[in-house]
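Dear colleague,

Please find below the structure that I am handing over to you, followed by an account of what was found in it. I would be grateful if you read the two side by side.

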Amino acid sequence: MQTTLAPQYQGTPEGEVAESVLRACVHCGFCLATCPTYQVLGNELDSPRGRIYLMKQVFEGAKPTEKTQLHLDRCLTCRACETTCPSGVQYGKLLDVGRALVEHAVGRGAADALKRNALKRGLTNPALFNVALKLGQTSRRLLPAFLQRRIPAAGRAGVWPAPRHRRKMLVLEGCVQPGLKPNINAAAARVLDRLGISLIAVPGAGCCGALAHHLNDHEESLAAMRRNIDAWLPQLDAGVETIVMTASGCGATVKDYGWQLRHDPVYAEKAARIAAAAKDISEVLLAERGALLSQAAPGAARTRKVAWHPPCTLQHGQKLGAGVASLLADCGFELTAVADEHLCCGSAGTYSILQPDIASELKTRKLASLHAGQPEVIVTANIGCLVHLESNSHVPVRHWVELLDAATAG
Ligand code: SF4
Ligand code: SF4
């Protein structure tokens, strides 16, 4: 698409990103068919092509309005459009710079700004989040039904094996996952322990930076990235093999550290090293497939019918997803057919709180697809999708690594 940047954006990092992405788009519209918000709302301006056009206008000098902001806010950042696009348009990179620009120009109303700030503070501070969660869990019966459904019951972690192997990997624990579903990281640690790998968490690492980034606070997001790099690099230097992600949302972000910090003279190289060392737990287990399968014992766990929901951050963000399905099938689980696997469930970070109507419609559609094959359990790979789907599912929803834990427990 021919693009002439307004003078104020020419030669700026944002302008360069926008220009290269906009030039790649040929406006064919193939991406509309796989865009969840276009499917729900049917408005071209809520499609990838429509949003690209809105951002083109802004980068060419048009003044963005609240309407521009609304259509960009409604984007899930699921990146299904990138998977579909035959021209390789990196829509997500354009949205990053476009959203920040529009936010700066249009601002936010007081209530909206307060809500976003509360989400940023509350969800990235595990101590604060866990206190609020415990409060919600203990007073659950006093809450209205819709809130009760949103607060998962307290879970137990089970044993996290003490480090005993020469081979070591780091885990990014996540902000909300240890409180909401403490068994996920412990299950990953047990599976890896059986394969001769100790999984360890290091103090000093924290939020991956995704939440602040998606709420357009890029400085806070970059600060979180630098803090994690400082915590992890000495461990890599000491021989730790990999940084393992059990939440695909965090994984997609950490793998992007090199890009996000590319202009930082102190951190650019370090960030690229961390990004290269980051792996989703499925990548780690696929590399250990032979040993893993030798551990998978026949038994009840092998016969369970499973519906697999690949999160957008896994299938579109990291271009992974098929690996999990093949590992589950190899371990004896029967995977049910799920229609429209490529579509977002509506969770998308804070999206389900900020855009509840669209998120709820997408969840209803996703659960209908997942329930259709009458599974005994639904599995996914991201804590956000898990609790979002769980709140309305009559079938239990778990992280897939918990199933592998059960299948290899002996
Ligand atoms: S983003 Fe890709 S699929 Fe969508 S209109 Fe542009 S070139 Fe076509
Ligand atoms: S990221 Fe998802 S919601 Fe946003 S335009 Fe692309 S397909 Fe649509």
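**Helix packing**

Helix α11 (residues 183-194) and helix α24 (residues 400-407) have axes that come within 8 Å and cross at roughly 45°. Because of that angle, α11 is oblique to α24. The crossing of α11 and α24 is left-handed. Please note that this is a predicted model.

**Strand pairing**

Strand β7 (residues 377-380) pairs with strand β5 (residues 305-308) in the parallel sense, over three bridges. Within this pairing, the residue opposite Trp 308 is Val 379 in β7.

Strand β8 (residues 397-399) also pairs with β7, in the parallel sense and over three bridges. Here Val 379 stands opposite Arg 398 in β8.

**Surroundings of ligand 2**

The shell around ligand 2 consists of 13 residues, of which the closest are Cys 35, Pro 48, Cys 75, Cys 78 and Cys 81. Two or more residues of this shell come from each of the elements α2 (36-41), α3 (48-59) and α5 (80-84). Which classes of residue make up the shell around ligand 2? Nine of its residues are nonpolar, two are polar and two are charged.

With kind regards

Note on methods. Residues are numbered from 1 along each chain as its sequence is written. Chains are lettered from A and ligands numbered from 1 in the order in which they are written. This is a predicted model: local features need pLDDT of at least 70, side-chain atom pairs count only at pLDDT 80 or more; totals for chains, interfaces and linings use all residues. A residue is near a molecule or strand if its C-beta atom, placed from the backbone, lies within 6 Å of it. Helices (H or I, at least four residues) and strands (E, at least two) are DSSP runs, numbered from the N terminus. Ala, Val, Leu, Ile, Met, Phe, Trp, Tyr, Cys and Pro count as nonpolar, Asp, Glu, Lys and Arg as charged, and the others, Gly among them, as polar. Two strands pair if DSSP finds at least two bridges between them. Axes are lines fitted to C-alpha atoms, for helices over the stretch in contact, and angles run from 0 to 180 degrees between N-to-C directions. Angles under 35 degrees count as roughly parallel, over 145 as roughly antiparallel, 65 to 115 as roughly perpendicular and the rest as oblique. A crossing is left-handed if the near helix is turned anticlockwise from the far one by less than a right angle, and right-handed if clockwise.
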